[in-house]
Amino acid sequence: MFDYKGKVVAITGASSGLGKQMAEGYAQCGANLVLMARRVERLEASAKEWSEKYGIEVLPVACDVTSTDSINAAVAAADAKFGHVEVIVNCAGGEKGTGTPLVDFDKGDWEFTLNLDLTSVFEVTKVFTGYMKKNIEAGKQTYGRVINIA
């Protein structure tokens with residue numbers, strides 16, 4: 001059930017917090033990883049550590065999940081490196097506005113939060129599942145899964 005050898009798991013928000021924890025969990029199960037976040041230097045450090053520690057392949061990708069172009073570039077990078085992705089884990093999130101009283105929360109804070117914590121999940125899922133579906137139809141992989149962390 002937890003053997004992911006030969007499988008590829010892509011994770012947003014993988015530079016810290018739950019995203020990083022999820023990524024290492026999949027690494028321990030033998031999954032090759034596509035690590036995505038804006039802070040690529042943190043991804044590169046994890047990639048080096050986990051590829052040595054767990055004997056897996058890790059692709060760090062700078063990705064802004066609020067940008068469809070950035071998401072498309074991440075899928076293209078994953079395709080060039082691995083040719084398939086079985087699991088996408090949406091873990092990206094932000095802290096802008098956290099702790100701000102509602103009366104002080106402006107429309108820009110609201111839109112930023114919605115784009116990062118909600119719209120990005122839709123966009124990442126749409127792009128990656130389209131890629132997974134194409135690969136399933138072509139026989140490159142047998143399934144695709146989406147995990148959303150809120």
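Predicted model: local features only at pLDDT ≥ 70, side-chain atom pairs only at ≥ 80, totals over all residues.
Trainee: Which residues of α3 are buried, and what puts them on the same side?

Mentor: The buried ones are Ser-70, Ile-71, Ala-74, Val-75 and Ala-78. They cover an arc of only 140° around the axis, and therefore they sit on the same side of α3. As background, an α-helix has 3.6 residues a turn, so residues three or four places apart point the same way.

Trainee: What do the buried residues of α3 pack against, and which exposed residues are on the face turned away?

Mentor: The buried residues pack against β2 (32-37), β3 (58-62) and α4 (107-137). On the face turned away you find Asp-69 and Ala-80, both exposed. After the helix comes Gly-83, with a positive phi near 85°.

Trainee: Why is Ser-46 called buried?

Mentor: Its relative accessibility is 2%, and the cut-off for buried is under 20%. Ser-46 is below that cut-off, so it counts as buried. Ser-46 belongs to helix α2 (residues 40-54). Setting aside residues up to four places away in sequence, Ser-46 touches Lys-20 and Leu-35.

Trainee: Why is Leu-33 called buried too?

Mentor: The relative accessible area of Leu-33 is 0%, again to be set against the limit of under 20%. Leu-33 therefore qualifies as buried. This residue is in strand β2. Beyond four places in sequence, the contacts of Leu-33 include Val-9, Ile-11, Trp-50, Val-58 and Phe-82.

Trainee: How far apart are Leu-33 and Asp-79 in sequence and in space?

Mentor: They are 46 residues apart in sequence and 12 Å apart in space, C-alpha to C-alpha.

Trainee: What makes a set of residues a nonpolar core, and which residues have the most contacts inside the largest one?

Mentor: The members must be buried residues of the nonpolar kinds, joined through side-chain atoms within 4.5 Å. The largest such core has 22 residues, and those with the most contacts inside it are Ala-10, Val-34, Met-36, Val-85, Ile-88 and Phe-128. Two or more residues each come from β1 (8-12), β2, β3, α3 and α4. Helix α4 gives the most, with six residues.

Trainee: What does Phe-128 touch?

Mentor: Leaving out residues up to four places away in sequence, Phe-128 touches Ala-10, Met-36, Ile-71, Val-75, Val-85 and Ile-88. Apart from this core lies another, of 20 residues, among them Ala-23, Leu-35, Ala-37 and Trp-50.

Trainee: What makes one space a cavity and another a pocket?

Mentor: In a cavity a 1.4 Å probe fits but cannot get out, whereas a pocket is open. The structure holds one cavity of 30 Å³ or more. The largest cavity has a volume of about 30 Å³, and its lining includes Thr-12, Val-65, Asn-90 and Ser-120. Helix α4 provides the largest share of that lining, three residues.

Trainee: What is the volume of the largest pocket, and which residues are closest to its centre?

Mentor: The volume of the largest pocket is about 510 Å³. Of its 22 lining residues, Gly-13, Cys-91, Ala-92, Gly-93 and Gly-94 are the closest to the centre. Helices α1 (17-28) and α4 each supply at least two residues of the lining.

Note on methods. Residues numbered from 1 in each chain as written. Heavy atoms only, no water. Buried < 20%, exposed > 50% of the residue type's maximum accessible area, 1.4 Å probe, protein only. Helix = DSSP H or I, 4+ residues; strand = E, 2+ residues; numbered from the N terminus. Arc of directions from axis to C-beta. Contact = heavy atoms within 4.5 Å. 1 Å grid on protein atoms, 1.4 Å probe; cavity = no way out; pocket = protein on both sides within 12 Å on 5 of 7 lines; lining within 4 Å. Points joined across faces, edges and corners; volume = space filled by probe spheres on them.
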